[in-house]
Each structure stands twice: as structure tokens, then as C-alpha cells.
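Hi,

Here is the structure I promised to send over. Have a look at it first, and my notes follow below.

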Amino acid sequence: MSGARSGEPVTADRIVEALREVLDPELGLSVVELGLIYGIEVVDGRVTVTMTLTAPGCPLHDAMLDWVRESVGRVPGVAEVEVRLTFDPPWTPERVALDRTP
Amino acid sequence: MIRAARGPSVTLPLRYLVAATLAFVAATAGVVWLAGDLAGHYYRPRVLALAHTVALGWITLTIMGASYQLVPVALEAPIWSERVARWQFVALMTGVVGLVAHFYLAHWPGLLWAAGLVGVGVALHLVNMTLTLARVTRWSFTARLVAGAQVGLALTLLFGILLAAARAGAFWPYGLAAVHAHFHLALLGWVAPMVVGVAARLYPMFLLAPEPEGWPGWLQLGGLGAGVPALVAGLLALPALVLPAALAVAGAAVGHVAWVLRFVRHRKRPALDWGLRFVLTGTAFLPVVAGLGLGFALGWLSGPGPAVAYAVLALGGWVSLTIAGMMLKIVPFLIWNRAYAPVAGRGAVPTLARLAWPAAEGASYALVTAGVLLFAGGAAAGGAVWIRLSGVLLVAGALAFAAALGRVLAHLVGAGPRRVAPLRVPGP
């Protein structure tokens, strides 16, 4: 998975589309719709996703980060993926919105 | 990266929840079997056997099993020891089966031994939870109530063992008043703080509602904190305390209902699944139970029939519907996490909703709710026929509930990470 192979530039929009496939299994909403994605940074095929979880003790802690890493890693052109977890600011339900852009 | 509290192995809470479900089915069958006894006075060995099947087998095992899954989420602190929790399960299961059997047989020396085994299991739980709570850094509303519930559980156990010893040796001076105190310690000192405390953390998560705040929280903390000790003291020795204590507990109920209504009004989750319908219907029973409690405190209600109806609406309506709903949320999550989380993102996996069996859950909801209402009405009127009919509804509802959970558990067979090759993902 490298930029040379795909020939297309990696953009934040393409990363968002990939993240729409990552669903919270209980709520059936994507991490994007839930407002868990705080930021996406793309530099030369290296992607940094800054995100939160609905609660610090979320039982899906490890799994959710893996799903985000794997989903972004499958986007053509992505060379590296880093997922940064933060609880500042903490997530609130006000962040939930369908068809949102982070 | 921030490290969050880890949940335990899924088999730990599952063993408690499966055992609790079996106890639920057994208890509902007991309503049919003991309908004649239930239409009379509640202080009979076989009725007490049924009461402990519900209180210990169904409710306490559910709360303890769910605690091991939910407490790390609610308190953001991992469980102190899974091994202790496994030994606790063995002691509790043996003790509960022995206790119920010896109550049924009215064999008091055996009852005392079984109560001792229950005591070992509860003591292990208390040690585990106390050391877990010692890791908590933020004493939230939930943490305070979970801590208070452990005190209530310890006192309930102490009363229970004293009552069993009294049965074996007949030296306890308080008679029926101690039974009433034991019941209210279990309901209001152990079960209520756990339900109310965990609800404040989890209902907003499930309903996508704002975090609770404001006066209802203080009403719940103050009402239970002041009301429960006063009620027990009032029942045992100081009757003047009973009415103010009942008012304080009713205030706590008002606070809890106010919060739940706020969650529902401001939720962002549009559709309610059956688990949430169970929970919310259970909450609707709470004002009725609180009103009946006040009725007893004021002297407007008395006698074994209304007392059984009160217990049925409290344990069968509020508590049972609430914990059944929570179980319908917890068990699919545990199974999904075990069977599908490792392969999610690499292939098609079902959502939690697809694991559920809505028809069985809906049937259980309708049958259990109708059964509880009919049971309470039949008990208040002293009608064995109505109680037996309610028991039939409850058995059918409990079996539908068990079938719904069984279908979820079946996903453990044949689904899993072994079928999918690991995915290589570029990393930083």
C-alpha cells in the first residue's frame, strides 16, 4: 500500500470515507457519525487520525483503534497510519450527527 | 496513548449471567408450583425458598456478573482479581442452591451451612470490589453508589446469617421485623444503589443522551444514604423513623425517574431496542413501588397480601425488568466481542442488533410484564388461581428470554477469528 502503487493522492476526504465503514457494533453508527474523529492529518501518505471514544473505559478500546488503523491502512496511497486517542475534550452525545464531516 | 481500563475475560461475566437466567426460569416455575403458598402468608419456608431463588439466584448473580463487565466501564478501573471472581462464583452457586433447597425442605441446620457458603461467596465479592474501588481516582455519582452498595450487601449478608442462625437456634429477638429489615437492606441497600449508580453511567451511553446532572443526583444519594439506615433502624427498634425514611427513599426514586425521563427526552438514539424497552418499563414500576412503600409506612396498607404484591412489583417489576434489559445489552456485546471483534473490518460481521432475536425478546417483554402485574394483583387479592396463571405467563416469558439469550450464545460456536487470516496493516 504505497502512494506509488495507487497513483492517487491521499486526502482527508478519502480517509473520512474509509472511516465511515468503521461501525460501533452496539449503536450501528460509524465513528464519523458518532463524532469520534477529532482530526485527520495527511503528510506524504502518512496519516494521523486523532479520535476519542464514547467513554474512557469503553470495552472496545483496543478493537476500535485497530479497526480505524486497518480501515485507513486499506486506502490506496496510505504508507503509514497513526491513531492518537484523546479524551480532551471528552465526547458528548451532542457530537452525534448523521453525514457529518469531522 | 491513553490506556483505558480493561474488561475481564468474557467467560467471567457470562457464567454468572447464564446461571442467573437458569435461576430466573426456575423462579418463575416456582410461582406456578407454589401459587397456593404465595396466596397466604409470605413467612413460609417454601415461599422464602422462592424469594431467595429470585433475590440471590436471579438478581444478585446478574448484578455481580454484570458488575465484572460494567464496573471497569463505569468506574474506569479494572477489576482487582478475575481469579477471586471465579472462586466467588463456585462458592455462591453452591451456597445458593443449598440455601434454596434447605429453605424448601425447612431443614435449618443445613440452611445455616448454606448461608455460610453464600457468605464466603459474598465476602470474596466484597474483597474484590473494595480493592477495585480503591483504584478509583474520581469519586463520581456512580462510584459512590457502587461503594455504598457493597456496604448494603455486607449488612444484608450479616442479617441473613443471623436469621439463619436464629432459625437453627431460635435466639434472635426481632422476629418478623428482622425479615422486613433484611428484605429492605437487600432491595434498597444493595440492589437499588447498584441499579441507580450504573444506570447514571450506562443509560446515557445506550441512549446517546447527555450526562446526568443536577438535583436528581443529590436526591438519589441523599435519599438512599439517609433513608436506608433510618428504615432499617425504624423497622427494628425505632418505629418513628419509618415514615421519614420511606419519604427519603421515595425521594431517591423520584430523582432516579427524573433522570431517566431526561435521558429519554434528550436521547439521540431514535429507535429503542427490546433491551431498552425492558429497562424503561422497569423504571416505570419504581414510582408504584415507592408509593406502596409509603402506603405501608403511613399505615394505609398492611397484611401479607399487599406485602407480597409490593415485593413482586419491586423485585419482579422494577428490578427484574431492568436487569433483564441490561442483560439483553450486555450478553450480545460479550459474544460479539469474543466471536466477531477480532475479524471486524476484514470481512462481513453482524452488528449486535443482528445477533438478537427480537421476536423472542418482544414476547418475553410482554409475557413478563403482564405476568408481574397479574401476580401482584393476584397476591394482593389472595387469589391462588390468578397467581398460578401469572406464573404460567412468567414461565413462558422467562423461557422466551432464555431462548433469546441462547440464540446469542450460539454465535460462540462456528464464528471466530480462526477462519480469517490476520491482516497486515502499515503502521507508524
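At what angle do helix H11 and helix H14 of chain B pack, and how far apart are their axes? The angle is about 15°, and the axes are 9 Å apart. Before you read on, bear in mind that this is a predicted model. With a cut-off of under 35 degrees for roughly parallel, H11(B) and H14(B) are therefore roughly parallel to each other. Their crossing is right-handed.

In case you want to pick the helices out in your viewer, H11(B) covers residues 304-339 and H14(B) covers residues 384-409. On the H11(B) side, the contact is made by B:Ala324, B:Val331, B:Pro332 and B:Ile335. H14(B) brings B:Phe401, B:Leu405, B:Val408 and B:Leu409 to it. Sorted by class, that gives eight nonpolar residues, with no polar and no charged ones.

H11(B) has another partner to look at. Helix H10 of chain B, residues 274-298, packs with H11(B) at an angle of about 160°, and here the axes are 7 Å apart. Over 145 degrees counts as roughly antiparallel, so H10(B) and H11(B) are roughly antiparallel to each other. The crossing of H10(B) past H11(B) is left-handed. As for the classes in this contact, there are 18 nonpolar residues, eight polar and one charged.

B:Phe89 sits in helix H4, which spans residues 82-105. Is B:Phe89 buried or exposed? There are 21 other C-beta atoms within 10 Å of B:Phe89, and 20 or more is the cut-off for buried, so B:Phe89 is buried. Leaving aside residues up to four places away in sequence, B:Phe89 touches B:Arg15 and B:Tyr16. Take B:Arg15: B:Phe89 is 74 residues from B:Arg15 in sequence, yet the two are 8.2 Å apart in space, C-alpha to C-alpha.

Now for chain A. The chain has 102 residues, and 44% of them are buried. I also checked the sequence separation of the contacts in chain A: taking those between residues at least 6 apart in sequence, 67% join residues at least 24 apart.

That's what I have so far.

Cheers

Technical notes: Residues numbered from 1 in each chain as written. Chains lettered and ligands numbered in written order. Predicted model: local features only at pLDDT ≥ 70, side-chain atom pairs only at ≥ 80, totals over all residues. Axes fitted to C-alpha atoms, helices over the stretch in contact; angles between N-to-C directions. Helix = DSSP H or I, 4+ residues; strand = E, 2+ residues; numbered from the N terminus. Parallel < 35°, antiparallel > 145°, perpendicular 65-115°, else oblique. Left-handed = near helix turned anticlockwise from the far one by under 90°. Contact = placed C-beta atoms within 7 Å. Nonpolar A, V, L, I, M, F, W, Y, C, P; charged D, E, K, R; others polar. Buried ≥ 20, exposed ≤ 12 C-beta atoms within 10 Å, placed from the backbone.
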